[in-house]
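Good morning, colleagues. Please take a moment to look at the structure on the screen, and then I shall begin with the ligand.

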Amino acid sequence: MPRKIVKKIKKAVTKKSKSEMKVKELEPVMLQPPRGMKDILPGEQPYWEQVRRVTERLARDYGFSRIDTPVVEFNNLFNRSIGEGTDIIEKEMYSFATKGGDKVALRPEMTAGTCRAYIQHGLHLLPKPVKLFSTGPVYRYDRPQEGRYREFYQVNYDAFGEQDPVLDAQMIQVAYRVVQNLGIKSIQIQVNSIGCPTCRKEYKDLLVNYLESKKNKLCQDCKRRLETNPLRVLDCKEDKCSQVAAAAPQSVDHLCDDCRNHFKNLLEYLDELDLPYAINPQLVRGLDYYTKTVFEIWSGEEGGRKFSLGGGGRYDGLVKMLGGENTPAIGFGLGVERLILEMKRVQAKPYRAPKPRIFLAQLGDLAKKKSLKLFSELEKNGILVAESFGRGSLKAQLRVADKLGVELTLILGQKEALDRTVIIKNMASGVQEIVSVDKLVDVVKKKLKTDNVVTYHDNGNHNNHSENK
Ligand code: HAM
């Protein structure tokens, strides 16, 4: 072989082994999600399903329409809405530049996106109040611990275009109903009014004067907050700051007439609704857009840590500030993981999916083919069926049926497949009967007592809908 070609081959081989080495050097794939994020496995889903059912049902009952907005929005939407001096904007946003150079962020909450969509799509033209329901993942780069994640799910209810405090009371009622319907009984509703921009300015000056006089007793974060966001000093969790906050001037004592009346009326409505609320003068919330009413729903764990299951308030200035019309608004968000933690703590029931009460067994190639179709026929008629098509032996299939605790087993063998019949076996008595395929749906429904047939979706082909509620 000419020396030139040999050299070429040698070069190619060396090149190949170098690239192979590169592959070997690749970092192993981490078999876990990033810190503060988690999978929601099938075993957990009954709790999530229960939250979905309860929250969607209450949204419907109280007249909310669903809205979905992107998880990613332009950065400045959040900066402007939530406020530059807040922990969320200063420390917790997942912000990044796209390949095209857009400055965007994963949403750290859902209100800003909802307001953006409300303005952009002219939703103000709808009859007021415009009630919107949204749910999905939210991202905050906080220090993870129990009940605090970097990716978590929220359910939000927001209403636009009504300033009457009767709506504030109804929103608090919705939040209470969600938690109550999930089986969480012992909760506390914390309410406060932080006034409008006019009366809050005066109150802020008073508060800053007071806090300045106690500055040496505040934690480092609060010393900084004193400059950037003095109201936030009031809900600092540090003991020494709580002591300072307890003696601080209270916003409710410095409201203008309009805000005072609003708050007074709200409390009257809450009394009328018999809701278990407490006025909490230290409740200010961690987002800057709130005006007048603010509230939180706390889990009532005695002696232990109190979680905020949800919170919200009025944000009468936000839509205008983002470029829309002057629009009063109020809303709240609930943390799904926290609701589930609390459900588990109080042993509230998760959703129980309907179980099949019928098993379809088959024997032989033709029967297997026919069973596939028969299964679909039963499904179309809303009858929930279990099967184990991969198994050949009837004995093995009947064992599965037994394990599942079904009431009837339908058996399709070679003879039945040819005769267009099915054997129905009553699992309790062992009695068997032969039924024509054409009559099967009717006979099965009758046997399971029509009203109790477990149907799991409504496709218009059947009338029964009896899943657990
Ligand atoms: P938020 O109080 O920041 O309000 O969040 C609402 C709820 O989300 C909290 O009460 C809590 O249950 C849950 N949550 C917050 N951070 C975490 C976390 N790191 N891990 C797990 N759960 C968490 C808002 O987001 C407002 N946008 C609510 C609202 C809607 N206001 C008006 N409309």
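This is a predicted model: local features need pLDDT of at least 70, side-chain atom pairs count only at pLDDT 80 or more; totals for chains, interfaces and linings use all residues.

**The ligand and its surroundings**

A nitrogen atom of the ligand lies 2.6 Å from an N or O atom in the side chain of Glu-109. Of the 660 Å² of accessible area that the ligand has on its own, the protein covers 95%.

Which elements give two or more residues to the shell around the ligand? They are strand 6 (151-160), strand 10 and strand 11 (329-335). Strand 10 provides the largest share, with five residues.

In total, 25 residues surround the ligand, and Glu-109, Thr-111, Asp-158, Arg-285 and Tyr-290 are the closest. Sorted by class, the shell consists of 11 polar, eight nonpolar and six charged residues.

Eight strands form an open sheet with mixed pairing, in the order 1-5-6-11-10-9-7-8. Strand 1 (65-66) and strand 8 (277-279) are at the edges; each has a single partner strand, so one side of each has no neighbour in the sheet.

Within this order, strand 10 (residues 308-314) runs antiparallel to strand 9 (residues 291-299), and six bridges join the two.

Thank you for your attention.

Definitions and conventions
Residues are numbered from 1 along each chain as its sequence is written. Side-chain values use heavy atoms; hydrogens and water are left out. Two strands pair if DSSP finds at least two bridges between them. Helices (H or I, at least four residues) and strands (E, at least two) are DSSP runs, numbered from the N terminus. A residue is near a molecule or strand if one of its heavy atoms lies within 4 Å of it. A polar contact is a pair of N or O atoms within 3.5 Å; within protein, one must be able to donate a hydrogen and the other to accept it, and residues adjacent in sequence count only if both atoms are side-chain atoms. Accessible areas come from the Shrake-Rupley method with a 1.4 Å probe; for residues, only the protein chains shown count as cover. Ala, Val, Leu, Ile, Met, Phe, Trp, Tyr, Cys and Pro count as nonpolar, Asp, Glu, Lys and Arg as charged, and the others, Gly among them, as polar.
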